[in-house]
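Dear colleague,

I am handing over the structure we spoke about, and I would be grateful if you could look through it with the notes below beside you. The notes follow the order in which I would look at the model.

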Amino acid sequence: MSRVLVVDDDASTLASLARAFRLAGHEAVVCDDATRAIVLVKNERFDIVISDVVMPRKDGLAMLAELREAGVTTPIVMVSGQATRGVE
Amino acid sequence: MSLRTRLLALVSAVVAITVVLVTVTVSASARRSFAALDAQRTAALVAQFRREFTLEGQQVGLRLDRIAASDAVVRTAADIASRHDPAAYVNDAGPLATAQGLDFLDLVSNDGRIVSSAHWPAKFGYRHAWATAADAASTREFLQVVELPQEAALGLVAIRRVGGEGGLVVAGGRRLDRQFLQSLVLPPGMRVLLYRNIEPEISRRQLVTASGDASQESALEPLIARVRQTGTEATEVIDWPDGPERISAIPIDGRDGRVLGVLLVGSSERELAALVRRIRWSGVGFGALGIMLGVGLSYMVAARVTRPVEQLAGVARTVAGGEWDVRLDHVRTSGELADLAAAFETMTRQLVDHRERLVQAERVAAWRELARRLAHELKNPLFPMRITLDNLHRATSLPEAEFKEVFDESLTTLATGLTNLNTVIGRFSDFSRMPMPVLEDVSPNAIVTQAVALFRAQLEAPGAPSIRVTLDLDPAAVNLRGDAEQLGRALQNLLLNAIDAMPAGGELTVRTRVIDRAVHVEVSDSGQGLTEEERSRLFTPYYTTKQHGTGLGLAIVQSVVTDHGGRIRVESTPGRGTAFHLELPIGGPASALAQANQRAPGAPR
């Protein structure tokens, strides 16, 4: 069993993703704000972080950069519905 | 300056310059020919004068020879030589002079005393002024001032000797005066005057002409004075009331080289003046005629050139006004202008072609963008719905209670997703249905006030960012041809954008102004501003910087403004805020088109 942090500003996405992880037998923690997610990742142990890219206030990529700078090595998976330039 | 005016000025200038040049050249050459002719005539007259002078001198010499050879004089000379009393011969000179037609005659003794004087008998016994025995050595005639009882006269005289040592000297001659001048043959337009230089000061009395006295001719005095002083020839043109006259003054010397007389040869320049006047007037006449012809000609040429150009300009204005389907059949041209017209027609056709292709390309691009945006908007709610369905599927194996929990949660998620999809579709549907504006007389100030009022509740709600709203309305902005509802919607979009740009609060200002027959509306915020890239893509439909938004807000604003014949622009400084500026023509879209046509190139301003 792994501990997963799901970060997304959309409540439906957050809820459905968290449910999917739980159904697969993992522990899922949800967070709808990148700034708060950084605090969580720094203070608690997560096996993996699943994050949206486009979010108001701080976006997923900024969060990723900040965490890596702080020396956090937790794997982080970026999920985006939005087509990023150059990367689908 | 139009081509017509310029052509006219050019032709007039060319004609005027040519006529002036020709007139000046002809006048100058006429003057030169006249001067040459005049010099010839003057030289001929002077030569005639000298010939007459010589002939007269020869006459004087001949007559004195006769007197000297006459018996009476020879006898008198012998008597005087033999010491007879000279008083006995005091009356001898008179009859002798009369007989030979001389004006002056003196019989002078060998010692220089006058024995008898024809012109002044009382001078008997006086010493003779200019004739001595020594002077008689020369038989040459010369000019001499001769003293008379009342006056002095100018005479052409000679001296002869009669008998040997102690004999007589005969001195005599003729006056040089009017009669002498009358003997000269004068060409028409010429006259001759003689100034007798026998007084210390210049005196008009001494100026004689062939016709009468010339005492009025005081204008000649400076010329005479000059010749008197320098002893050389001089020429001067004198303006008389009846026309100019060229006067050549030639000095005549006496025996000792002194200037005793000044011969004045006058040649009237009245004819020359008349000729020059005639030339000048013909110049003026030809000039006027030339300019008149030139004006007519240049008008015709200009009309031929400018009419098609003006017609072309009119057609160009029509095209600029948006009327693309133009024909140039009515523009009658030939040569280069026909080429121009043809080129213009080709250009218009190509422009129409190009524009159609551009419109098509834009339409395709817009459709593509719409489809992309729509897909994205639809994909967002679909993602959680899809996962939820998977979850439900997986949850079927769970115990009843747990399945119920997942099932309820999934229903909520699916319902929310469907609602979101509906909203997205509704917004796109609204945009596609946006109708053409219905134009009425509306008040921009009222529209602004109403639009701002709609946001009051939202702004004053507890927990909302603190945004201060300032309305700066121009009292004149109360009249505009427009669609109040659409303008209101556009303003609401701008206000919403401004509020969204200031999540931490700030200043929202709405300003109206009337400038140059247009209402200007400005919505500005003190938010974080836009980056260069954001600003350039701002009005692209379906572009958004916001997480939740269709990207249609500003596209709607732009569509409304364009439908009203207006313009929209944005000013933004990152970190300082953004201002959207709408410019709406007071008369509505039709007046905007008219104004654009007026501003078209080539149209008079």
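To start in chain A, which residue in S3(A) does A:Leu5 stand opposite? Please bear in mind, while looking for it, that this is a predicted model. The residue opposite A:Leu5 is A:Val49 in S3(A). The two strands concerned, S1 (residues 3-7) and S3 (residues 48-52) of chain A, run parallel and are joined by four bridges.

These strands belong to an open sheet of four strands in chain A, which has the order S2-S1-S3-S4 and parallel pairing. Strand S2 (27-31) and strand S4 (76-79) of chain A each have a single partner strand because they stand at the edges, so one side of each is left without a neighbour in the sheet. On average, and with direction ignored, neighbouring strands of this sheet are turned by 20° against each other. Helix H2 (residues 34-43) of chain A packs on the sheet, where it touches S1, S2 and S3 of chain A, and the direction of this helix makes about 165° with that of S1(A).

Turning to a contact between the chains, helix H1 (residues 11-23) of chain A and helix H8 (residues 400-432) of chain B have axes that come within 10 Å and cross at roughly 150°, so that H1(A) is roughly antiparallel to H8(B). Their crossing is left-handed. On the side of H1(A) the contact is made by A:Ser12, A:Ala15 and A:Arg19, and on the side of H8(B) by B:Glu405, B:Val406, B:Glu409, B:Thr413 and B:Thr416. By class, this contact has two nonpolar, three polar and three charged residues.

Within chain B, the axes of helix H10 (residues 484-500) and helix H12 (residues 553-563) come within 9 Å and cross at roughly 145°, and this crossing, too, is left-handed. Among the residues that meet here are B:Leu487, B:Ala490 and B:Leu494 in H10(B) and B:Leu554, B:Ile556, B:Val557 and B:Val560 in H12(B). The residues of the contact of H10(B) with H12(B) divide into seven nonpolar, four polar and no charged.

Definitions and conventions: Residues are numbered from 1 along each chain as its sequence is written. Chains are lettered from A and ligands numbered from 1 in the order in which they are written. This is a predicted model: local features need pLDDT of at least 70, side-chain atom pairs count only at pLDDT 80 or more; totals for chains, interfaces and linings use all residues. Side-chain values use heavy atoms; hydrogens and water are left out. Two strands pair if DSSP finds at least two bridges between them. Axes are lines fitted to C-alpha atoms, for helices over the stretch in contact, and angles run from 0 to 180 degrees between N-to-C directions. Contact means heavy atoms within 4.5 Å. Angles under 35 degrees count as roughly parallel, over 145 as roughly antiparallel, 65 to 115 as roughly perpendicular and the rest as oblique. A crossing is left-handed if the near helix is turned anticlockwise from the far one by less than a right angle, and right-handed if clockwise. Ala, Val, Leu, Ile, Met, Phe, Trp, Tyr, Cys and Pro count as nonpolar, Asp, Glu, Lys and Arg as charged, and the others, Gly among them, as polar.
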